[in-house]
Structure formats: C-alpha cells, structure tokens
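Colleague: Before I rely on the words used for this fold, please set each one against its definition. I would like to begin with a pair of packed helices.

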Amino acid sequence: MVNRTPLIAGNWKLHNDHLQAIALVQKLAWTLQDARHDHAAVEVAVFPPFTDLRSVQTLVSAEKFELRFGAQDVSEHDSGAHTGEVAASMLAKLECSYAIVGHSERRQDHGESSALVGRKAAAAVRHGVTPIICVGETEADLEQHGASAVPVQQLREALAELPAAGEIVVAYEPVWAIGSGKAATAEQAQQVAHALRQAIAEVRGDEAAASTRILYGGSVKSGNIAGFMREPDVDGALVGGASLDAAEFAAIARFQHHVGT
C-alpha cells in the first residue's frame, strides 16, 4: 500500500496584512509545537499573499518551524515581459514548497482555463515547486452533469499540459461548498476523489495515481475533517476561512486525534 503523507493546507487569500500573517504563522507553529504535532505524519502548509512570502520564509527559517508554505498562484511564464506575473523560479528562491493553481476564484474572476492551469502547473514543476491543481464544479454543473464529471474533465485538460514526471497535488473544491458553510459529505468527496485518481492513472499511470495526494476543500472545519480523512482517496484538505484561526487550523491538522478506529 502506498503511503501518502496527509497534507493540510491553509489558503489565506487576501484576509491578512503583513503583521497578521506573521502573527498567525507564529501562533500556528507554537500551537502545533505545544501539541507535539508530528509534521512527518501530517504535513501542514500555509499560503499567504505574495507580499508576505519573504517574511514567512524568514520567520520559518529563523525559528526552524516545521511548517511548509507556498504561493496562491504562479505564472505560466519562466521569464520575460509579463508585468505583474510571479515566476516559479522566484517562488523557488523563496523556498516555497507549493503553488496553488486553478483555484475556483482564479477560474471565475480571471477566466482561467484548465489548459492555462496545466501550463502554470508545468512551470511550477520545472522549478521544483509542487503545484496544487484545483478542480471543482458549481451547483449548476452538479445538477447538469452529475458528480465528478466537471472536476475530472478539468483535471484531464490540465494534465495534458504537464510532463509525465513530477509531483503534483490535486484539490477537489466543490464551488457550491466554498464559503457557504455547506460541506460535501465524506461520501461525495470520496466519490470525486476516486474518479480523479482514476483519471490520473489513465493519463500518468497507476504508480503516479497511487502516490498523488488528493485534497478536499470546501467549508472544512475541525468538526468535519475526521470524516473526510477516513475516506481512502482523500489525503488532506485545502482549508479556507478556518485556517485564519490558528487554534482551529491546528485542530484540523491534528485530525488523527478525532478519527475513530
């Protein structure tokens, strides 16, 4: 059986200013330390705004925190005249482990296609940054196409732009659940995650599919994380609003203490 280390990732979006981001990293790290969290067993990563990445890097390095961190987006371009873009090489120099690509808000607000998402993911892979490829359906998509159809199609189109090798993470985030307080059921998350893993197997092979981590994102809280993590194809969570509360986010990361046997 393949061992996929669970990943609990906190996407802070535009909710923090510089001082808040630093304070939140400190409080989260200290809370996990006090609880003797095993970062080798459950990886924890935070995704602050671009302007806070350097400060987070400096703090994590100086304090030797075991937290990982990453960017909320990345450019498809490695270099050139692309005003406002942030290249994967820049993120690599900041020691970012991850970059989120294709978040539903990027797709909706900026019209990003799945092909573009795939090119961004490929750029990250080229520079040793692991992309977290987000896929998900709206409520209208769900009603029209049923469960998993839209996320699987989005993932296939993104994977078509990627090399056969290179680590990726996939995050299933039902758009209808984000910020609504209505999470998918654990069974719904498992159904889609399993379909996504099958799609990865068809494109990249069984070994890659078995080792790829698939996260669930959408109104994740400490009170429901255990249910998702009991499912065989759910390997972690992409957490939004709940990650802004250090104690709550730490409780989510420590889901193993909530999972019954």
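This is a predicted model: local features need pLDDT of at least 70, side-chain atom pairs count only at pLDDT 80 or more; totals for chains, interfaces and linings use all residues.

Colleague: Why are H5 and H7 called oblique?

Modeller: Their packing angle is about 50°, with the axes 7 Å apart. Angles under 35 degrees count as roughly parallel, over 145 as roughly antiparallel and 65 to 115 as roughly perpendicular, the rest being oblique, and H5 and H7 are therefore oblique to each other. The axes are lines fitted to C-alpha atoms over the stretch in contact, and the angle, on a scale from 0 to 180 degrees, is taken between N-to-C directions. Helices themselves are DSSP runs of H or I with at least four residues, strands are runs of E with at least two, and both are numbered from the N terminus.

Colleague: Which residues bring H5 and H7 into contact?

Modeller: Ser 114, Ala 115, Val 117 and Gly 118 of H5 meet Gln 154, Glu 157 and Ala 158 of H7, where contact means heavy atoms within 4.5 Å. By class this contact has three nonpolar, three polar and one charged residues; Ala, Val, Leu, Ile, Met, Phe, Trp, Tyr, Cys and Pro count as nonpolar, Asp, Glu, Lys and Arg as charged, and the others, Gly among them, as polar.

Colleague: What orientation do H7 and H8 have, and what makes it so?

Modeller: Helix H7 (residues 149-159) packs on helix H8 (residues 186-204) at about 30°, with their axes 9 Å apart. That angle makes H7 roughly parallel to H8, and H7 passes H8 in a right-handed crossing. The H7 side of the contact consists of Pro 151, Val 152, Leu 155, Arg 156 and Leu 159, which meet residues of H8 including Val 192, Leu 196 and Ile 200. The residues of this contact divide into ten nonpolar, no polar and three charged.

Colleague: How do you know that Cys 96 and Cys 134 are not joined?

Modeller: A disulfide is a pair of cysteine sulfur atoms within 2.5 Å, whereas the sulfur of Cys 96 is 16 Å from the closest cysteine sulfur, in Cys 134, which is too far for a bond. The structure accordingly holds zero disulfides.

Colleague: Are these two cysteines buried or exposed?

Modeller: Buried means under 20% relative accessible area, exposed over 50%, and partly exposed in between, with a 1.4 Å probe and protein chains only. Cys 96, with a relative accessible area of 6%, is buried, and Cys 134, at 0%, counts as buried as well.

Colleague: What makes Leu 215 buried, and what does it touch?

Modeller: Leu 215 lies in strand E7 (residues 213-216), and its relative accessibility of 1% places it among the buried residues. Leaving aside neighbours within four places in sequence, its contacts include Leu 7, Ile 132, Val 170 and Leu 238.

Methods. Residues are numbered from 1 along each chain as its sequence is written. Side-chain values use heavy atoms; hydrogens and water are left out. A crossing is left-handed if the near helix is turned anticlockwise from the far one by less than a right angle, and right-handed if clockwise.
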